[in-house]
Amino acid sequence: MNRLDGKVAFLSGAARGIGGATAKLMAQAGAKVAIGDLLDERGRQTAKEIEAAGGQALYVSLDVTSEASWAAAMDATVKKFGKLDVLVNNAGIFNGKGVEEASLDEWNRLVAVNLTGVVLGTRAALPHLKESGPKSEHGSAIVNLASIAGLVGSQLDPLYSLTKGGVTLFTKSTALEFGRKGYKIRVNSIHPGLIETDMGQQTFAMRARQQGTNDTEKARQTTLTLHPIGRLGVADDIAKGIVFLASDDAGFMTGAGLVVDGGWTAH
Ligand code: NAD
């Protein structure tokens with residue numbers, strides 16, 4: 001189940017972390033995957049690991065805040081693999097400062113990556129997804145990385161929360177727009193809890209600082225108590241959800257948010 005045989009997927013920010021794990025799982029599920037990131041060396045390494053495991057992968061340099069960069073990434077993907085069936089808007093950044101502490105430049109950067117990046121990615125992929133959608137029973141698919149911080153408030157980073165709330169509603173709105181226009185493109189979001197990636201580590205450091213210490217292990221334990229399931233998430237937990245949303249098994253899902261948070265938002 002959750003197979004992606006014959007599908008071509010593009011994932012932004014997939015050199016490492018959740019995106020990297022998802023690219024690997026998608027390749028195992030039969031997809032050809034294209035990875036775009038700012039981290040060229042790490043991205044090429046991830047693509048190599050996929051190929052070494054028998055998959056097909058392409059790495060392209062991508063800055064999600066640039067329209068020209070997205071156009072080049074889409075061209076390279078379609079040139080190599082012939083089409084595009086799945087877009088994962090995964091690239092994102094976290095700031096970890098309060099409303100009073102974050103500078104205007106930091107806010108503008110959050111908006112550029114977390115919001116403009118998703119809009120530009122969606123627009124760049126759209127012509128290709130419109131073409132492939134009608135050729136598949138359940139259409140083509142977009143999966144947007146939101147967060148639980150796009151569903152409930154975040155005391156750590158209200159500005160990040162504002163961008164992820166935007167991603168949540170952009171997902172629902174584009175699902176409605178593309179449905180109205182008769183495109184066969186499903187659009188869904190995924191909402192991770194705390195996942196132990198580089199970004200996850202960054203949040204422990206922020207939480208420790210807010211508690212007036214440098215004790216990131218204590219901050220990690222505090223965060224752990226917010227997950228009733230009794231552990232923090234790992235990138236594969238989210239990758240499995242993304243593969244599901246991208247696959248035909250989610251063929252009746254659009255405009256939905258899949259919460260994968262170890263129970264955090266059950267509080
Ligand atoms: P990460 O920092 O490990 O990976 C993010 C990737 O995005 C990096 O490879 C980075 O180079 C890339 N990136 C950043 N800016 C970019 C840009 N301008 N252009 C292209 N690539 C860029 O983070 P992660 O934990 O894997 O997060 C992936 C997504 O999941 C993000 O959207 C994040 O907000 C979301 N998320 C993460 C968590 C968590 O706890 N880790 C929780 C909820 C949501």
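Domain bounds in this predicted model come from an automatic or database domain assignment. On that basis the chain is divided into two parts: domain 1 spans residues 8-193 together with 234-259, and domain 2 comprises residues 194-232. The description below begins with the sheet and its covering helices and then turns to the contact between the domains.

The sheet is open and is built from 7 strands in the order 3-2-1-4-5-6-7, with parallel pairing. Its edges are formed by strand 3 (56-61) and strand 7 (257-260), each of which pairs on one side only. On average, neighbouring strands of the sheet are turned by 20 degrees against each other, direction ignored. Strands of a sheet pair through backbone hydrogen bonds, either parallel or antiparallel. Strand 1 (residues 8-12) and strand 2 (residues 32-37) run parallel and are joined by 5 bridges. Within this pair, S12 of the model stands opposite G36 in strand 2.

Two helices that lie across the sheet are considered here. Helix 1 (residues 17-28) lies across strand 1, strand 2, strand 4 (86-89), strand 5 (140-145) and strand 6 (185-192), and runs at about 170 degrees to strand 1. Helix 8 (residues 235-246) lies across strand 4, strand 5, strand 6 and strand 7, with a direction at about 165 degrees to strand 6.

The centres of domain 1 and domain 2, taken over C-alpha atoms, are separated by 25 Å. Contact between the two involves 17 residues of domain 1 and 13 residues of domain 2. The size of an interface is often given as the accessible area lost when the parts come together. For domain 1 and domain 2 the buried area is about 1300 Å², and carbon and sulfur atoms give 58% of it. On the side of domain 1, the residues that lose the most area to domain 2 are F94, L156 and G193, which together account for 43% of what that side buries.

Polar interactions also occur across this boundary. Between domain 1 and domain 2 there are 2 salt bridges, and 4 residue pairs are in polar contact across the interface. Helix 1 and helix 8 each supply at least two residues of the side of domain 1 that touches domain 2. Helix 8 gives the most to that side, with 3 residues. A salt bridge is formed by R231 with D237, whose closest N and O atoms are 2.9 Å apart.

Terms used: Residues are numbered from 1 along each chain as its sequence is written. This is a predicted model: local features need pLDDT of at least 70, side-chain atom pairs count only at pLDDT 80 or more; totals for chains, interfaces and linings use all residues. Side-chain values use heavy atoms; hydrogens and water are left out. Two strands pair if DSSP finds at least two bridges between them. Helices (H or I, at least four residues) and strands (E, at least two) are DSSP runs, numbered from the N terminus. Axes are lines fitted to C-alpha atoms, for helices over the stretch in contact, and angles run from 0 to 180 degrees between N-to-C directions. Contact means heavy atoms within 4.5 Å. Buried area is the accessible area (1.4 Å probe) that two parts lose on being put together, summed over both. A salt bridge is a side-chain nitrogen of Lys or Arg within 4 Å of a carboxyl oxygen of Asp or Glu. A polar contact is a pair of N or O atoms within 3.5 Å; within protein, one must be able to donate a hydrogen and the other to accept it, and residues adjacent in sequence count only if both atoms are side-chain atoms.
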